[in-house]
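User: I am new to this structure and would like to go through it step by step. Could you look at it with me?
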Amino acid sequence: MILDNEIKEKLEQCDEIFPAIGIECVEAFAGVKGRVVEPWVILERLPGNNPHNIMLGTGNNLYQAILAISFKSDADMGLIASSCFEELIDAWGEFANTYCGMLMDKSEFTGNFGYLTQSIPQYSSGDVFYSKAWAFCGTIVTTDDHEINIGFAIRKLLV
Amino acid sequence: MSKTVVVVDDSKFLIKQIVDFFEKQLEFQVLGTGNDGNEAIELYTKFKPDLITLDITMPNKDGMDAMKEIIKDFPDANILMISAVRGSAMLECMSAGAKGYVEKPLKFADSEFVNDFKETVSEIFNQ
């Protein structure tokens, strides 16, 4: 499958907002400061090699997209205080919902892709195989060295 | 006598935070909590609280549809939407009868956010 470079160019125009929203969400949900250590990159496919994955599908009549939040370890996922694993999944699902909502507040994003409607977040344990689609990906590192991996992949709707 | 509220959100994690906020910061009595639009209608009909908070994106029946159904039966219902949904959603909710709209993320550690939230609730009861 050959990817549409127009999508990649549109994602490049949103390069500042993806990590910035990640930092804001981490602070709101986990109560800790986050920072970008490595520059975020655009990949041809979302990486799916982390053991804990939260996925949120979004889309409109032109585009379909997926937001993936993933964690390398139980400790990283446990960044948000919770009473049990189910509540932790619930919290990160809400993180994903909020992240997408905040993206829709950014004219750099909506000017390129329009408003995307969100679905209900899902959790998956173990490796995930994503379809090919340009994806803006990176990591937020917290002050206590937890890592939250965030990726947003989008492609034109196949009709 | 303290005011009463029902809190509806598909995230149990957020319900805990919202309940905590209403009980501790606003001294409301929380009569019940629900996870989708159907439960919202059921709880509103049962308790007729002074206020109901609704998320928009929820399974089974979303918050927007639940709001419209509650207002149809209870035109004076005080409904506060609490959602991460942006765009035209806020205007749509307000024009359909919601009395207030709070955008997620809920930054309860941020005093400015907390004051804005309190003001939004206060305005609902002063309309």
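User: Where does B:D9 lie?
Analyst: In this predicted model, B:D9 is in the loop between β1 (4-8) and α1 of chain B.

User: Is that residue, B:D9, buried or exposed?
Analyst: B:D9 counts as buried, because its relative accessibility is 1%, and buried means under 20%.

User: What does B:D9 touch, leaving out residues up to four places away in sequence?
Analyst: Within chain B, its contacts include B:L14, B:I15, B:I18, B:G34, B:N35, B:D55, B:M58, B:I82 and B:K104. B:D9 also touches A:E94, a residue of chain A.

User: And how far apart are the C-alpha atoms of B:D9 and B:I56?
Analyst: Those C-alpha atoms are separated by 8.1 Å, although B:D9 and B:I56 are 47 residues apart along the chain.

User: You mentioned A:E94. Which helix contact does A:E94 belong to?
Analyst: The contact is that of helix α4 (residues 85-103) of chain A with helix α1 (residues 12-25) of chain B, whose axes are 7 Å apart at an angle of about 85°. The two helices, α4(A) and α1(B), are therefore roughly perpendicular to each other. On the α4(A) side the contact is made by A:E87, A:D90, A:A91 and A:E94, and on the α1(B) side by B:K12, B:F13, B:L14 and B:K16.

User: How many residues of that contact between α4(A) and α1(B) are nonpolar, and how many are charged?
Analyst: There are 3 nonpolar and 5 charged residues, with no polar ones.

User: Now a pair within chain B. How do α3 (residues 63-73) and α4 (residues 89-96) of chain B pack?
Analyst: Their axes are 10 Å apart and form an angle of about 10°, which means that α3(B) is roughly parallel to α4(B). The crossing of α3(B) and α4(B) is right-handed. From α3(B), B:M64, B:M67, B:K68 and B:I71 meet B:A89, B:E92, B:C93 and B:A96 of α4(B). That contact has 6 nonpolar and 2 charged residues, and no polar ones.

User: Which residues touch the most other members in the largest nonpolar core?
Analyst: That core has 66 residues, and those touching the most other members are A:F18, A:I69, A:W92, A:Y99, A:F109, B:F22 and B:F117. Helix α4(A) gives the most to this core, with 9 residues. Another core, of 22 residues, lies apart from it, and B:M58, B:M64, B:M67 and B:A98 are among its residues.

User: What does B:F117 touch, again without residues up to four places away in sequence?
Analyst: B:F117 touches B:F21, B:F22, B:L80, B:I82, B:V102, B:L106 and B:F108.

User: What about B:T53, is it buried or exposed?
Analyst: B:T53, in strand β3 (residues 51-54) of chain B, is buried, because its relative accessible area is 1%. Leaving aside neighbours within four places in sequence, B:T53 is in contact with B:V5, B:V6, B:V7, B:V8, B:I18, B:F22, B:L80 and B:I82.

User: On to the backbone. Is the peptide bond from B:K104 to B:P105 cis or trans?
Analyst: That bond is cis, with omega near 10°. B:P105 lies in the loop between β5 (100-103) and α5 (111-126) of chain B.

User: What is phi of B:K48 and of B:N60?
Analyst: Phi is near 45° for B:K48, a positive value in a residue other than glycine. For B:N60, also not a glycine, phi is positive and near 70°. B:K48 is in the loop between α2 (37-47) and β3 of chain B, and B:N60 is in the loop between β3 and α3 of chain B.

User: And how accessible are B:K48 and B:N60?
Analyst: B:K48 is partly exposed, with a relative accessible area of 49%, whereas B:N60 is exposed, with 67%.

Definitions and conventions: Residues numbered from 1 in each chain as written. Chains lettered and ligands numbered in written order. Predicted model: local features only at pLDDT ≥ 70, side-chain atom pairs only at ≥ 80, totals over all residues. Heavy atoms only, no water. Axes fitted to C-alpha atoms, helices over the stretch in contact; angles between N-to-C directions. Helix = DSSP H or I, 4+ residues; strand = E, 2+ residues; numbered from the N terminus. Parallel < 35°, antiparallel > 145°, perpendicular 65-115°, else oblique. Contact = heavy atoms within 4.5 Å. Nonpolar A, V, L, I, M, F, W, Y, C, P; charged D, E, K, R; others polar. Left-handed = near helix turned anticlockwise from the far one by under 90°. Core = buried A, V, L, I, M, F, W, Y, C linked by side-chain atoms within 4.5 Å. Buried < 20%, exposed > 50% of the residue type's maximum accessible area, 1.4 Å probe, protein only.
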